[in-house]
Amino acid sequence: MSETPPQMPKAYYQYLHELQSIDFVLCELTLYLDTHPEDEQALAQFIQFQKRKHNLMTQFEAAFGPLYEFGVSPISGGKWTWSQTPWPWQV
């Protein structure tokens with residue numbers, strides 16, 4: 001018997017979608033920069049998307065809890081909250 005995934009607010013899914021889109025761009029830029037390390041425009045784009053991802057993650061985690069375990073996401077209010085919210089793959 002499988003559990004029904006929890007229903008989260010619309011903003012939750014919007015954040016996840018944008019984060020996934022940014023991850024795709026960062027992955028593609030990483031591959032490109034591996035073969036074109038001198039391309040300053042591509043590097044500037046990478047930095048821009050990296051900052052955008054950091055800002056979105058900060059906003060998401062403030063509203064909905066941690067996205068990652070293993071020391072990447074901050075501890076919220078001095079409490080371990082990883083197991084208290086639905087994990088991104090559960091929704």
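Tutor: Let's begin with a word we will need: a residue is buried when its relative accessible area is under 20%. Keep in mind that this is a predicted model.

Student: Which residues of helix 2 are called buried, and why?

Tutor: They are Ala42, Phe46, Lys53, Leu56, Met57, Phe60, Glu61 and Phe64. Each is called buried because its relative accessible area falls under 20%. Across the protein chain, 26% of the 91 residues count as buried.

Student: What do the buried residues of helix 2 pack against?

Tutor: Their partner is helix 1, residues 10–35. The chain has two helices and zero strands.

Student: How do you know that the span of helix 2 is close to the expected one?

Tutor: Helix 2 runs over residues 40–64, which makes 25 residues.

Student: What makes the pair Asp39 and Gln41 a polar contact?

Tutor: At the start of helix 2, a side-chain oxygen of Asp39 comes within 3.1 Å of the backbone nitrogen of Gln41. The cut-off for such a pair of N or O atoms is 3.5 Å, so this one qualifies.

Student: And what follows just after helix 2?

Tutor: There Gly65 takes a positive phi of about 105 degrees.

Student: Which residues touch the most other members of the largest nonpolar core?

Tutor: Tyr12, Phe60, Phe64 and Leu67 do, in a core of 16 residues. Helix 1 and helix 2 are the elements that each give two or more residues to this core, and helix 1 supplies the largest share, eight residues.

Note on methods: Residues are numbered from 1 along each chain as its sequence is written. This is a predicted model: local features need pLDDT of at least 70, side-chain atom pairs count only at pLDDT 80 or more; totals for chains, interfaces and linings use all residues. Side-chain values use heavy atoms; hydrogens and water are left out. Helices (H or I, at least four residues) and strands (E, at least two) are DSSP runs, numbered from the N terminus. The expected span of a helix is 1.5 Å times one less than its number of residues. Buried means under 20% relative accessible area, exposed over 50%, partly exposed in between (1.4 Å probe, protein chains only). Contact means heavy atoms within 4.5 Å. A polar contact is a pair of N or O atoms within 3.5 Å; within protein, one must be able to donate a hydrogen and the other to accept it, and residues adjacent in sequence count only if both atoms are side-chain atoms. A nonpolar core is a set of buried Ala, Val, Leu, Ile, Met, Phe, Trp, Tyr and Cys residues joined through side-chain atoms within 4.5 Å.
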